[in-house]
Amino acid sequence: MKLILATIQEQDSDRVIGALTTGKFGVTRIGSTGGFLREGNTTLLIGVEDTQVADVIALLQRTSQRRTRVLPVPIGATPNGNALYNYAEVTVGGAAMFVLDVDQFEQY
């Protein structure tokens with residue numbers, strides 16, 4: 001048995017969880033905050049048999065979007081103290097996944 005820990009963007013969570021439950025995969029949703037953009041994320045705990053890992057990963061790839069965002073990057077200040085910014089495009093989203101071995105699973 002495996003435990004897949006997947007972090008996705010909050011705006012993808014309803015679509016991803018809907019697809020997982022339609023596929024009869026059990027999922028637990030935990031609200032989280034990303035460190036880079038400090039925006040809302042969702043962390044999913046998905047317990048599956050070893051043979052189902054590839055199916056869940058493919059589902060997450062199909063339902064989690066990658067997006068391009070333009071972010072201000074401070075580059076200095078004017079003599080009167082106003083901040084100067086440049087802008088950079090960054091790719092965000094998709095899914096970050098860890099697949100862990102489960103030694104024991106019990107459900108009461």
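Leaving out residues up to four places away in sequence, Leu-3 touches Leu-45, Ile-46, Gly-47, Phe-98, Val-99, Leu-100 and Val-102, where a contact means heavy atoms within 4.5 Å. The model is predicted, so local features need a pLDDT of at least 70 and side-chain atom pairs count only at pLDDT 80 or more, while totals for chains, interfaces and linings use all residues. Residues are numbered from 1 along each chain as its sequence is written, and side-chain values use heavy atoms, with hydrogens and water left out.

Leu-3 belongs to strand β1. Helices (H or I, at least four residues) and strands (E, at least two) are DSSP runs, numbered from the N terminus. Between Leu-3 and Val-99 there are 96 residues in sequence but 5.8 Å in space, C-alpha to C-alpha. Leu-3 is partly exposed, at a relative accessible area of 27%; buried means under 20%, exposed over 50% and partly exposed in between, with a 1.4 Å probe and protein chains only.

Leu-100, one of the residues that Leu-3 touches, sits in strand β6. Apart from neighbours within four places in sequence, Leu-100 is in contact with Met-1, Lys-2, Leu-3 and Leu-5. Its relative accessible area is 36%, so Leu-100 also counts as partly exposed. Gly-47 lies 53 residues from Leu-100 along the chain, with 9.6 Å between the two C-alpha atoms.

Along the principal axes, the C-alpha atoms fill a box of roughly 65 × 25 × 20 Å.

Of the 108 residues, 27% count as buried. Among contacts with a separation of 6 or more, 61% are between residues 24 or more positions apart. The accessible surface is about 7300 Å², and 52% of it belongs to carbon and sulfur atoms; the areas come from the Shrake-Rupley method with a 1.4 Å probe, and for residues only the protein chains shown count as cover.

Next come the helices. An α-helix has 3.6 residues a turn, so residues three or four places apart point the same way. In α1, which spans residues 13-22, the buried residues include Ser-13, Val-16, Ile-17 and Leu-20. These cover an arc of only 95 degrees around the axis, which puts them on the same side of α1; the arc is that of the directions from the helix axis to the C-beta atoms. Asp-14 and Thr-22 are exposed on the other side of α1. Cover for the buried residues of α1 includes β1 (2-9), β2 (27-33), β3 (40-48) and α2 (53-63).

Arg-15 is also part of α1, and is partly exposed at a relative accessible area of 40%. Beyond its neighbours within four places in sequence, Arg-15 is in contact with Thr-63, Gln-65 and Arg-67. Arg-15 and Leu-60 are 45 residues apart along the chain, and their C-alpha atoms are separated by 9.9 Å.

Leu-60 is itself one of the buried residues of α2, along with Val-53, Val-56, Leu-59 and Thr-63. Seen down the axis of α2, the buried residues fall within an arc of 130 degrees, so they line one face of the helix. The face turned away from that buried side carries exposed residues Ala-54, Gln-61 and Arg-62. What covers the buried residues of α2 includes β1, α1, β3 and β6 (95-101).

The loop between α1 and β2 holds Lys-24. Its phi is near 65 degrees, a positive value in a residue other than glycine. Lys-24 has 74% relative accessibility and therefore counts as exposed. In strand β2, Thr-33 is likewise exposed, at 60% relative accessibility. Thr-33 and Thr-7 are 26 residues apart in sequence, and 9.7 Å apart in space, C-alpha to C-alpha.
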